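Please keep the sequence and the structure in view as you go.

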Amino acid sequence: QAQLVESGGDLVQPGGSLRLSCAFSGFTLDTTAIAWYRQAPGKERERVSCMSENYGTIYYADSVKGRFAFTRDNAKNTVYLQMNNLKPEDTGVYYCAAGDYLCIGTTPWRWGQGTQVTVSS
């Protein structure tokens with residue numbers, strides 16, 4: 001059974017940094033894409049960053065380019081989202097998810113439970 005578990009969310013001041021973690025099991029990144037999504041209060045869920053199958057291309061939403069970085073630790077079966085220069089509009093619940101061809105917009109077949117990020121002074 002595939003599983004994803006996020007951690008690392010917190011309250012941070014504008015301009016600050018956070019690193020989110022997503023530990024996964026039950027699948028491999030050779031054949032599965034993995035992505036970070038977020039959902040702000042009252043808004044639809046949006047994809048923030050995505051790594052395509054076989055450790056391929058990493059994509060970022062325009063709103064986070066240059067501030068967020070998607071990294072991975074193969075030995076720990078964990079991917080990370082390093083978030084720098086955080087803004088209040090980055091506030092939301094952040095999810096990681098796995099699926100086929102996620103980076104071209106398909107629906108994930110497994111979601112994590114989410115972790116709350118709040119950017120506020």
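**Exercise 1.** How many bridges join E9 to E11, and in which sense do the two strands run?

Solution. This is a predicted model, in which local features need pLDDT of at least 70, side-chain atom pairs count only at pLDDT 80 or more, and totals for chains, interfaces and linings use all residues. Residues are numbered from 1 along each chain as its sequence is written, and side-chain values use heavy atoms, with hydrogens and water left out. Strands (E, at least two residues) are DSSP runs numbered from the N terminus, and two of them pair if DSSP finds at least two bridges between them. E9 and E11 are joined by 3 bridges and run antiparallel; within this pairing, valine 93 of E9 stands opposite glutamine 116 in E11.

**Exercise 2.** Find what else pairs with E9, and how covered E9 is.

Solution. Begin with E4, which is joined to E9 by 7 bridges and runs antiparallel to E9; here glutamine 39 has valine 93 as its bridge partner. Continue with E10 (residues 110-111), which pairs with E9 over 2 bridges, again in the antiparallel sense, and where tryptophan 111 is opposite alanine 97.

**Exercise 3.** Which residues does methionine 83 contact, leaving aside its neighbours within four places in sequence?

Solution. Taking contact as heavy atoms within 4.5 Å, the list is Gly16, Ser17, Leu18, Leu20, Arg67, Phe68, Tyr94 and Val117.

Methods. Helices (H or I, at least four residues) and strands (E, at least two) are DSSP runs, numbered from the N terminus.
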